Each structure stands twice: as structure tokens, then as C-alpha cells.
There are 2 protein chains.
Amino acid sequence: MHSKDLIEAIKTRRDNLDVTQEMLADLSGVGLRTLKQFESGKGNPTLETLQKLGNALGMELTFTIKELK
Amino acid sequence: MHSKDLIEAIKTRRDNLDVTQEMLADLSGVGLRTLKQFESGKGNPTLETLQKLGNALGMELTFTIKELK
DNA sequence: CATAATAGTGCAATAAAAAGCACTTTTAAC
DNA sequence: GTTAAAAGTGCTTTTTATTGCACTATTATG
């Protein structure tokens, strides 16, 4: 997953759950400005930020070995 | 995957490929100090750093919805 | 044990993420 | 077209990630 896809994953999940940026910011403990920046593709979030968002949305970040096809 | 597991994944992969921290730092473009800090569990790396390491090791970072069991 | 390679740490400078605030733009509902 | 909610942006401060350098600690290997 490229950085854009990670963003999309969060955004899509948030939309599906009918959660606004403001709600997610509150729920996750991530600053609203940080979330806005992230979702608009301008950020380079830290692992901690990603984990906080993931937790709030019931998502998980994993590192896997790429299969060679 | 918790933050510790992400670290382990990288470290294990690196060891399996018989790559030193120094080599991985060079290969990935991540500073040696940053890698050392990360692997010793003291960092909060940015997404960019994680991606660089992943790329160099043939690994991929993904965001998935947690299945509820 | 020596010693060479690899990994970990303290310190410091620089760059950039996180955050709040106020504002603008877009979207959706009427 | 109005209005309200949601999303995006500019500016700023504070915090912290990244990095290099020099050093110490740990781990093989002879």
C-alpha cells in the first residue's frame, strides 16, 4: 500500500462509519489539524498518529513480506 | 500489529536477509541513527521512514479492518 | 583473551510533525 | 440561492523526528 492508499483506507473507513473529521479527531486523540492535513494528502504522519487513527476506526497496520509474482 | 511487532517484523526480515543496520540504512536512504533508534524501540518513525525501510526489504505496510472474533 | 564487526547511546543541530486558531472553500439540505 | 455542516488552508508555536559524530556495549570469530 502506497501512502495514498493508506490515506484512502482511513478516509473510506471513516466515511463508511459516518464519522466526521472532528469526531475522529476527538475519538482518536489526534489533533484536528493533523487529521485534516493527513487526509488531504499533505502529511507525513508518525507511526503513533497512524496507530491512534487505526485504533479509533477498528483498523490495523501491518508489515508483510511482499510476494513476488 | 502493535508498534513493537512492526519493529520486530523489520528486524527479523533484516536478519533473515543477512543485512546489517548500516547496509539497510544505505539501501533505504534512512539515516543510520534513525534506524538504530527505531530498532531499539525508541523511535516514533514517520510513515515515510517506514515506507523506505519496507521498500528496501521487500515489505509492505497495509491498513486493514480488524475482524471482530 | 584479542579484535573486529555490529549494535546501541549521548549530545547537538536542523527539519519537520503536531497542534490550535481563524479563515476560506466545498458539499449537502432545504 | 441560503444556510449549515464538513472539509481544506495559512500562519504560528511547540514538540519531536531525523541526522551526523563520537563513543560505548555487545556479539561473533580466530
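**Figure 1. Overall fold of chain A.** Chain A of this predicted model has a secondary structure of four helices and one strand, where helices (H or I, at least four residues) and strands (E, at least two) are DSSP runs numbered from the N terminus. The order of these elements from the N terminus is α-α-α-α-β. The radius of gyration of chain A is 12 Å, close to the 11 Å that the globule rule gives for 69 residues, so chain A is as compact as a globular protein of that length; the radius is taken over C-alpha atoms, and the rule is 2.2 Å times the number of residues to the power 0.38. The C-alpha trace of chain A spans about 40 × 25 × 20 Å along its principal axes.

Residues are numbered from 1 along each chain as its sequence is written, and chains are lettered from A and ligands numbered from 1 in the order in which they are written. Local features need pLDDT of at least 70, side-chain atom pairs count only at pLDDT 80 or more, and totals for chains, interfaces and linings use all residues, while side-chain values use heavy atoms, with hydrogens and water left out.

**Figure 2. Packing of helices H2 and H4 in chain A.** Helix H2 (residues 21–28) of chain A packs against helix H4 (residues 47–57) of chain A at an angle of about 105°, and their axes are 9 Å apart. Axes are lines fitted to C-alpha atoms, for helices over the stretch in contact, and angles run from 0 to 180 degrees between N-to-C directions. H2(A) is therefore roughly perpendicular to H4(A), a term for angles of 65 to 115 degrees. From H2(A), A:Leu24, A:Leu27 and A:Ser28 meet A:Lys52, A:Leu53, A:Ala56 and A:Leu57 of H4(A), contact meaning heavy atoms within 4.5 Å.

**Figure 3. Protein surface near DNA strand D.** Of the 17 residues around DNA strand D, those that come nearest are A:Arg14, A:Gln21, A:Arg33, A:Lys42 and B:Thr49; a residue is near the strand if one of its heavy atoms lies within 4 Å of it. Helices H1 (3–16) and H3 (32–39) of chain A and helix H3 (32–39) of chain B each supply at least two residues of this surface. The largest share, three residues, comes from H3(B).

**Figure 4. Side-chain approaches to DNA strand D.** An N or O atom in the side chain of A:Arg33 is 2.5 Å from a base oxygen of DNA strand D. Phosphate oxygens of DNA strand D are 2.2 Å from an N or O atom in the side chain of A:Lys42 and 3.4 Å from one in the side chain of A:Ser40.

Technical notes: Parallel < 35°, antiparallel > 145°, perpendicular 65-115°, else oblique. Polar contact = N/O pair within 3.5 Å; in protein donor to acceptor, adjacent residues only side chain to side chain.
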